[in-house]
Amino acid sequence: MKITLSHGSGGKATSELIDKIFAKHFSNPVLNLMEDSAVVDGNKKIAITTDSFVVTPLFFKGGDIGRLAVCGTVNDLLMRGARAKYITSAFIIEEGADTETLEKIVCSMAKTADEAGVIVVAGDTKVIEGNGGIYINTAGVGFVEDDSVSAYSIKDGDRVIVSGNMGDHHAAILSERMGIENEICSDNAPLCEMVYALQENAIDIHCMRDITRGGLGTVLNELSSSSDVHIDIFEDKIPVSNEVRAFSKILGLNLLHLGNEGKMVIFVSKEQSKKALDIIKGSKYGENAAEIGVVSNGEGVTLITELGGRKKVNILIGEGLPRIC
């Protein structure tokens, strides 16, 4: 069945769409009440985030817009040290979209929410004129025990750890758009297991940030500016798969500016860096984690090349790849 404007009218067609797809896959005691707002348990401090997802194509190797929406929202909460609990989901659907496609996306979203340990507690659907596009807006809520996990907590001497290979999502999306056959898969993933494991093992996390649009180089520059520190990273320590490295070389892409959707950078003290790295490596999605750099007084980000040279790392200028998430 194709989506028509009547599915956004608020009448029978809307109700049927909600019942047959959204309520079917997102069912839980909170959402099933179908009230105008959700009432949930909380505590004194919460983390709140919101995001919108417009990725093209809707399905790609390793994921889809539904999985991406959950991962992006949950990971934003995790990066402040929050325990992700609740998300909302608002769909903007262009007429002509196929309900089978919509259901695949909703089903993927529900499965990813289950993996991440969150529930969808509220949602909305709007239908607009168009050519079958689907877009998702989310909000997320998590509980915070310690709000000191922040860019402002990065210290001189901290070690810089990344949780895995750089550039997988960027390369996967670009490959799909260009019709290039390869084995590159998106890394879109919820990072709950590794973040919770770090917390449960008493790692004093100074800062975490997910490496999305703009890539590692952009994220590190933003953190350097926020925390007034200098960051050195070592070229030969940065994990990149052979496939993505070759793909980037052929197209002339800067590996430091390729986006991810299931990787983070974490700052911890020198004394705890080995323990933190071991925990991440032992967690789901962290097997390729590596310590890649060190923090010092100063400003900016420098890449120490394999030959020992020093190269300034800049923030991404312009649009690296539109509609990547």
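**Aromatic contacts in a predicted model**

Student: Where does the charged end of Arg83 sit?

Tutor: Over the ring of Tyr196, 3.9 Å from the ring centre. The criterion is NZ of Lys or CZ of Arg within 6 Å of the ring centre and within 35 degrees of the ring normal.

Student: What are the ground rules here?

Tutor: This is a predicted model, where local features need pLDDT of at least 70, side-chain atom pairs count only at pLDDT 80 or more, and totals for chains, interfaces and linings use all residues. Residues are numbered from 1 along each chain as its sequence is written, and side-chain values use heavy atoms, leaving out hydrogens and water.

Student: OK, ring pairs. How many aromatic pairs does the structure hold?

Tutor: Two. Rings of Phe, Tyr and Trp (its six-membered ring) pair if their centres lie within 6.5 Å; planes under 30 degrees apart are stacked, over 60 edge-to-face, the rest tilted. Phe22 and Phe91 have ring centres 4.9 Å apart and planes at 55°, so this pair is tilted.

Student: Which elements hold Phe22 and Phe91?

Tutor: Phe22 is in helix H1 (residues 12-26) and Phe91 in strand S4 (residues 82-94), so the pair ties together parts 69 residues apart in sequence. Helices (H or I, at least four residues) and strands (E, at least two) are DSSP runs, numbered from the N terminus.

Student: Is Phe22 buried or exposed?

Tutor: Buried, at 8% relative accessibility; Phe91 is buried at 1%. Buried means under 20% relative accessible area (1.4 Å probe, protein chains only).

Student: And Tyr86 with Phe143, what geometry?

Tutor: Edge-to-face, 6.3 Å centre to centre with 75° between the planes. Tyr86 is in strand S4 and Phe143 in strand S6 (residues 134-144), 57 residues apart. Tyr86 is buried at 11% relative accessibility, and Phe143 is buried at 18%.

Technical notes: Buried < 20%, exposed > 50% of the residue type's maximum accessible area, 1.4 Å probe, protein only.
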